[in-house]
Amino acid sequence: MSKPSRRAVERLIEAAVQAQKRAYCPYSRYPVGAAVLTASGRVFAGCNVENASYGLSMCAERAAVYHSVSGGHDSLAAVAVVGAAAKPCGACRQVLFEFSDKDTDLYLVDLDPVTGRRRVVKTTVFKLLPMAFDPLASGLLPKNPRNLLKRKRK
Ligand code: ZN
């Protein structure tokens, strides 16, 4: 998978910024936006969606991944997460890992809603989840899962 262009990364981050504005978080008041750039060049976004029954709430990262996979795009080139010092939770790291390869970049964007200033930390999905539960290594996947076998895992 080739590295996304600077312009593609900006488009990805902007999609996450816009998604953060749509977060439904009346309980935590902690809005998060996420977006994924697929290997096919599409961008899918998600926001956190909370519920009065707290356990039913969904993180922005998983919402974005499920949006992407539902659209038929299950190979991630890059991911952006926007929020106050936001980082993907453990569950989201594992879900991101499922659709990533070793080169899938992860941009953590700390955005000040008042000044508009932002601090971006770039890492990778794999670095964020060392010793992940890997469906390929575990032999859980069939011989031809849609496109996981084409990915660079190491
Ligand atoms: Zn999460």
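This is a predicted model: local features need pLDDT of at least 70, side-chain atom pairs count only at pLDDT 80 or more; totals for chains, interfaces and linings use all residues.

Reader: Leaving aside neighbours within four places in sequence, what is Ala 23 in contact with?

Author: Ala 23 is in contact with Pro 31, Val 32, Cys 47 and Asn 48, once its neighbours within four places in sequence are left aside. Contact here means heavy atoms within 4.5 Å. Residues are numbered from 1 along each chain as its sequence is written, and side-chain values use heavy atoms, with hydrogens and water left out.

Reader: OK, and where is Ala 23 found?

Author: In the loop between α1 and β1. Helices (H or I, at least four residues) and strands (E, at least two) are DSSP runs, numbered from the N terminus.

Reader: Is Arg 29 buried or exposed?

Author: Arg 29 counts as exposed because its relative accessibility is 66%. The cut-offs are under 20% relative accessible area for buried, over 50% for exposed, and partly exposed in between (1.4 Å probe, protein chains only).

Reader: What about Ala 85, where is its place?

Author: Ala 85 sits in the loop between β3 and α3. Its phi is near 55°, again a positive value in a residue other than glycine. Ala 85 is partly exposed, since its relative accessible area is 46%.

Reader: And just after α2, which residue takes a positive phi?

Author: Gly 72, at about 90°.

Reader: Let's zoom out. How many helices and strands does the secondary structure come to?

Author: Four helices and five strands. Along the sequence they follow the pattern α-β-β-α-β-α-β-β-α. The chain is as compact as a globular protein of 154 residues, because its radius of gyration is 15 Å, close to the 15 Å from the globule rule. That radius is taken over C-alpha atoms, and the rule is 2.2 Å times the number of residues to the power 0.38.

Reader: What percentage of the residues in the chain is buried?

Author: Buried residues make up 46% of the 154. As for contacts in the chain with a separation of 6 or more, 63% are between residues 24 or more positions apart.

Reader: Now the inside. Which residues have the most contacts in the largest nonpolar core?

Author: Val 36, Val 65, Leu 76, Val 79, Val 81, Leu 106 and Val 125, in a core of 22 residues. The elements giving two or more residues to this core are β1 (33-38), α2 (60-70), β3 (76-82), α3 (90-98), β4 (105-111) and α4 (125-128). A nonpolar core is a set of buried Ala, Val, Leu, Ile, Met, Phe, Trp, Tyr and Cys residues joined through side-chain atoms within 4.5 Å.

Reader: What does Val 65 touch, not counting residues up to four places away?

Author: Val 36, Leu 76, Val 95, Leu 96 and Phe 99. Phe 99 is in the loop between α3 and β4, and it counts as buried because its relative accessibility is 17%.

Reader: What do the buried residues of α2 pack against?

Author: They pack against β1, β2 (43-47), β3 and α3. The buried residues of α2 are Ala 60, Glu 61, Arg 62, Ala 64, Val 65 and Ser 68. For α3, the buried residues are Cys 92, Val 95, Leu 96 and Phe 97, and they pack against α2, β3 and α4.

Reader: How many residues does the second, separate core have?

Author: There are 16 residues, including Leu 12, Ala 16, Leu 37 and Val 82.

Reader: Tell me about Leu 37, buried or exposed?

Author: Leu 37 is buried, as its relative accessible area is 4%. Leu 37 is found in strand β1. Beyond four places in sequence, Leu 37 touches residues including Pro 4, Ala 8, Leu 12, Val 43 and Leu 76.
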